[in-house]
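Trainee: Hi! I'm new to this one. Could you walk me through it?

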Amino acid sequence: LGTANKTKQKSRSMVIATPQLVTGMLPENGGGTAVAVSVSENHTAVLTDCGHLYTWGATQGSNVLGHEGVRWQPSPKKVSGVYRAVGVSAAKEHTVLLVGTSFPHAGEK
């Protein structure tokens, strides 16, 4: 879920070889409880128990992270307009969401 320090000519990427706490996803920092995580070679996507999507990382394409015009997002950022996501899959240059027509609230059976 992290990224590591490895510098390429004309581009910068980070690689972290050990697990890291993603403090931007902590509830006290505006995040939430992660219920689904998907990673590609360049970016990470996390769904929370409230159906919100957070992304971070790098992309060559536009809007792959869900943040208009952003190609590098170093820390988790909530994607606006996503409220009922129930599944996520990240690949090299795209992120796919499964959005429910209804969304169960925590504690409902």
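Trainee: Let me start with strand β4. How many of its residues are buried?
Mentor: Six of its six residues are buried, so strand β4, residues 43-48, is mostly covered. Do keep in mind that this is a predicted model.

Trainee: Noted. Which residues of β4 point which way?
Mentor: His43, Ala45 and Leu47 point one way, while Thr44, Val46 and Thr48 point the other way. The residues of both groups are all buried.

Trainee: Why would they take turns like that?
Mentor: Because side chains in a regular strand alternate between the two faces of the sheet.

Trainee: Okay, and what kind of sheet is β4 part of?
Mentor: An open sheet of four strands, in the order β3-β4-β5-β6, with antiparallel pairing. At its edges are β3 (34-39) and β6, each of which pairs on one side only. From one strand to the next, the twist averages 10°.

Trainee: How many bridges hold β3 and β4 together?
Mentor: Five bridges, in the antiparallel sense. As a landmark for your eye, Ala34 stands opposite Thr48 in β4. The two strands form a hairpin with three residues between them.

Trainee: And on to β5, what joins it to β4?
Mentor: Five bridges again, and those strands run antiparallel. Look for His43, which stands opposite Gly57 in β5. β4 and β5 make a hairpin too, with four residues between the strands, and Gly51 there takes a positive phi near 85°.

Trainee: That leaves β5 and β6. How many bridges there?
Mentor: Four bridges, with the pair in the antiparallel sense. You can find Tyr54 opposite Lys78 in β6.

Trainee: Changing topic: where does Thr59 sit?
Mentor: Thr59 is in the loop between β5 (53-58) and β6 (72-78).

Trainee: Is Thr59 buried or exposed?
Mentor: Buried, because its relative accessibility is 6% and the cut-off for buried is under 20%.

Trainee: What does its side chain make a polar contact with?
Mentor: With the side chain of Glu93, at 2.6 Å. Leaving out residues up to four places away in sequence, Thr59 touches Val64, Leu65, Val70, Arg71 and Glu93.

Trainee: What about Ala58, which strand is that in?
Mentor: Ala58 lies in strand β5. It is partly exposed, because its relative accessible area is 22%, and buried would need under 20%.

Trainee: Which residues does Ala58 touch?
Mentor: Not counting residues up to four places away in sequence, Ala58 touches Asn42, His43, Arg71 and Trp72.

Trainee: Zooming out, how many helices and strands does the chain have?
Mentor: Zero helices and eight strands. Read from the N terminus on, the elements run β-β-β-β-β-β-β-β.

Trainee: And for the chain as a whole, what share of residues counts as buried?
Mentor: Of its 109 residues, 30% count as buried. The accessible surface of the chain comes to about 7200 Å², and carbon and sulfur atoms account for 52% of that.

Trainee: Last one: what share of contacts joins residues at least 24 apart?
Mentor: That would be 34%, among contacts between residues at least 6 apart in sequence.

Note on methods. Residues numbered from 1 in each chain as written. Predicted model: local features only at pLDDT ≥ 70, side-chain atom pairs only at ≥ 80, totals over all residues. Heavy atoms only, no water. Buried < 20%, exposed > 50% of the residue type's maximum accessible area, 1.4 Å probe, protein only. Polar contact = N/O pair within 3.5 Å; in protein donor to acceptor, adjacent residues only side chain to side chain. Contact = heavy atoms within 4.5 Å. Pairing = 2+ DSSP bridges. Axes fitted to C-alpha atoms, helices over the stretch in contact; angles between N-to-C directions. Areas by Shrake-Rupley, 256 points an atom, 1.4 Å probe, with all protein chains shown as cover.
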